[in-house]
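User: Please take a close look at one part of this model, the way its strands pair, and explain the terms as you go.

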Amino acid sequence: MNKKLVGIAIIAAAAIAAGAWYWSRPAPNEKELVLYGNVDLRQVALAFPASERVARVLAEEGQQVQAGQVLAELDTRGLRLRLAEAEAQAAAQQQVVARLKAGTRPEELAQARARTSAAQAEADLARQQLDRIVAVQKDSNGRAVSQQDADAARARARSSQAALEQARQGQELARHGSRREDIAQAQAQLDAGNAAIALLQYQLGEASLKAPVNAVVRARLMEAGDMASPQRPVYTLAIADPKWVRAYVREADLGRIKPGVAASISIDSQPGKTLPGKVGYISSAAEFTPKFVQTEELRTALVYEVRVLAEDKADVLRMGMPATVRIAVGH
């Protein structure tokens, strides 16, 4: 009987204590929403676009770098030799194009006319010899000149006439100069050579790895002498701006905030100090804990990602750092 009375007394005391705590507990802050999260920022992995040996690596971990700053360089000796070869070939082709466009020189025209004159003289002489042989053969009824000599004279006359025609055609070609098609072909070859030069010059420029934005070197992944490739980053950079705190808000509090609302950010390493910020993004997709089909009892476990952008001019926030966010929400 005494044990029952003691048990009843204990239960009654617990009920009284629970009731006292319930009525004396602090009311939730309806004017401020407190979220907990971690500092986050964007990162970029920098790699060379070509496979070549690394010549120099210039930046260290933790170093702040500026946009356009050279961070590493490739060995460009082979590339420069290929560029010199391409430039020499293009220069030679440029001379070919210039020669074709300039046409035939006066001296070449004079040579063509001289060859035509010589061929004309040869043809005239062959014709005269043939006429004399034919005349003698006719007067002597074929006794003074053999048929073989007559045939040879006719062959020489035809050959000389053909040579004369060839010389005339050559003179005509020299007078007209190069064909438009030949000039176009030579120009196309020159354009291809110039394009090859431009490509090599571009590759030479890409042999210097430059920071795309102001950032901080997070990791130095290669050293001088390593073989670079597009698949192997040389550096990982942390972009200094923007920075934000990645936090999560309950579904019940989702309606109390919206993008653009002002916030204050505090970190453990600077107690009593806050950084200004604002809500920049609220996820449209919920995350569940536990990750089962939700029931009415578990709906309050839904959380949404919130990114609170920070104004960190003094650069005190670091990636992964725990942070507390306070957002004034009113009633």
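**How the strands pair**

Strand E3 (residues 64-65) and strand E6 (residues 215-220) are joined by two bridges and run antiparallel. Strands, E, are DSSP runs of at least two residues, while helices (H or I) need at least four; both are numbered from the N terminus. Two strands pair if DSSP finds at least two bridges between them. The model is predicted: local features need pLDDT of at least 70 and side-chain atom pairs count only at pLDDT 80 or more, while totals for chains, interfaces and linings use all residues. Residues are numbered from 1 along each chain as its sequence is written, and side-chain values use heavy atoms, with hydrogens and water left out.

Strands of a sheet pair through backbone hydrogen bonds, either parallel or antiparallel.

An open sheet is formed by four strands in the order E5-E4-E2-E7, with antiparallel pairing. Its edge strands, E5 (208-210) and E7 (227-228), each pair on one side only. Within this sheet, strand E2 (residues 52-57) and strand E4 (residues 70-74) are joined by three bridges. Arg56 has Glu73 in E4 as its bridge partner.

Next comes strand E9 (residues 262-266). Four bridges join E9 to strand E10 (residues 275-287), antiparallel, and four bridges join E9 to strand E12 (residues 322-328), again antiparallel. Ile265 takes part in both pairings: its bridge partner in E10 is Leu275, and Val325 stands opposite Ile265 in E12.

Glu311 lies in the loop between strand E11 (303-310) and E12. Between Glu311 and Ile265 there are 9.4 Å from C-alpha to C-alpha, although the two are 46 residues apart in sequence. Apart from neighbours within four places in sequence, Glu311 is in contact (heavy atoms within 4.5 Å) with Leu275 and Pro276.

Ser283 is another residue of E10. Ser283 counts as buried because its relative accessible area is 13%; buried means under 20%, exposed over 50% and partly exposed in between, with a 1.4 Å probe and protein chains only. The side chain of Ser283 comes to 3.1 Å from the backbone oxygen of Ala285. Leaving out neighbours within four places in sequence, Ser283 is in contact with Tyr304 and Glu305.

How values were computed:
Polar contact = N/O pair within 3.5 Å; in protein donor to acceptor, adjacent residues only side chain to side chain.
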